[in-house]
Amino acid sequence: MDYISQTKSARIASSLEEMILDNRLKSGSFLPSQQVLADQFNTSSRPIREALKLLEAKGLVVISQGRRAQVRSNNLDQYVESISTTIVNSKISQAKLMRNLMQVRITVATSAARGFSRLENRDEYLAQLWNSSNRMEAAVPHIFRKDAKAHADYLKAEADFHRTLVFANGNQILSCIYDNLSPLLDTAMNSIKFTPSQMEKRSKDYSYLCEALQNGQTDLAVALVLVTLTTLETKVMDHYPDEGMAMISYA
């Protein structure tokens with residue numbers, strides 16, 4: 001019974017998510033009451049509550065006690081505003097800048113993976129992603145032999161992979177911000193010591209991600225993006241542990 005309930009909840013959540021991402025449910029609007037949704041999906045209130053929790057976990061809705069669920073920003077404006085505010089601050093710590101940039105990368109790449117199947121120029125972006133993935137895979141054997149050039153080539157291909165995902169999202173303002181700030185993150189990545197085995201595993205994950213995007217396996221693609229980039233974020237932030245470290249001025 002639990003399995004059936006979870007399956008129904010996931011199906012309802014997926015239907016509502018599609019309406020949010022397609023802008024049929026607009027940013028800031030309130031979803032119908034749980035009773036209305038239960039009638040609409042011909043179910044009880046429990047699967048509706050579970051579906052709303054799934055949407056909340058994805059950052060698509062806000063749930064407050066005594067109120068109907070409200071749609072969050074679904075066009076990434078909140079992330080543009082967040083990173084823009086960070087940039088215009090006269091002084092910010094390098095750790096905070098890295099954390100914000102990693103969060104933007106995770107959010108935008110996840111959004112791009114979720115909407116990839118609906119892209120008009122999907123094949124073009126997919127070809128670029130496969131190219132980056134293949135370059136990483138080709139570099140791995142040489143990295144095990146401590147080839148410095150192969151290591152640099154791998155990181156360049158990895159940066160290209162993420163940049164392609166970000167640009168596939170189609171938000172020109174965010175793409176511009178990301179393009180200007182990504183060299184800072186790329187520099188940080190170049191200074192971190194990854195083991196050959198870690199890099200080999202990441203190259204396989206990127207290949208799996210390309211396969212998932214190619215086959216239209218959206219949920220799998222989103223999960224792979226989240227796992228890969230969250231792991232990278234942890235590694236990057238381990239390199240910048242002190243929020244009170246030297247400040248950088250962008251004024």
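This is a predicted model: local features need pLDDT of at least 70, side-chain atom pairs count only at pLDDT 80 or more; totals for chains, interfaces and linings use all residues.
## Starting with a serine

Two residues are in contact when heavy atoms of one lie within 4.5 Å of heavy atoms of the other. Setting aside neighbours within four places in sequence, Ser 203 is in contact with Ser 133, Met 136, Glu 137, Val 140 and Tyr 154.

Ser 203 belongs to helix 9. Is this residue, Ser 203, buried or exposed? Its relative accessible area is 5%, and buried means under 20%, so Ser 203 is buried. One of its contacts, Ser 133, is 70 residues away in sequence, yet the two C-alpha atoms are 6.5 Å apart in space.

## The overall layout

Stepping back, the protein contains ten helices and four strands.

Of the 251 residues in the protein, 42% are buried. How many of the contacts between residues at least 6 apart in sequence join residues at least 24 apart? The share is 74%.

## Two helices side by side

Now look at helix 5 (residues 94-115) and helix 10 (residues 218-239), which pack with their axes 9 Å apart and at an angle of about 170 degrees. Angles over 145 degrees count as roughly antiparallel, so that is how helix 5 runs relative to helix 10.

Helix 5 brings a set of residues to this contact, among them Met 98, Met 102, Ile 106 and Ala 109. From helix 10 come residues including Val 222, Val 225, Leu 229 and Val 236. Charged residues take part as well, including Arg 99 of helix 5 and Glu 233 of helix 10. Taken together, the residues of this contact divide into 14 nonpolar, four polar and four charged.

## Aromatic rings

Where are the aromatic pairs? A search of the whole structure turns up one. Its members are Phe 161 and Tyr 206, whose ring centres are 4.7 Å apart; their planes meet at 45 degrees, so the pair counts as tilted. The pair ties together distant parts of the chain: Phe 161 sits in helix 7 (residues 148-168) and Tyr 206 in helix 9 (residues 196-214), 45 residues apart. Both Phe 161 and Tyr 206 are buried.

Another ring to find is that of Phe 194. Which residue lies over the face of Phe 194? That residue is Arg 202, at 4.3 Å from the ring centre.

Terms used:
Residues are numbered from 1 along each chain as its sequence is written. Side-chain values use heavy atoms; hydrogens and water are left out. Rings of Phe, Tyr and Trp (its six-membered ring) pair if their centres lie within 6.5 Å; planes under 30 degrees apart count as stacked, over 60 as edge-to-face and the rest as tilted. Buried means under 20% relative accessible area, exposed over 50%, partly exposed in between (1.4 Å probe, protein chains only). A charge sits over a ring if NZ of Lys or CZ of Arg is within 6 Å of the ring centre and within 35 degrees of the ring normal. Axes are lines fitted to C-alpha atoms, for helices over the stretch in contact, and angles run from 0 to 180 degrees between N-to-C directions. Angles under 35 degrees count as roughly parallel, over 145 as roughly antiparallel, 65 to 115 as roughly perpendicular and the rest as oblique.
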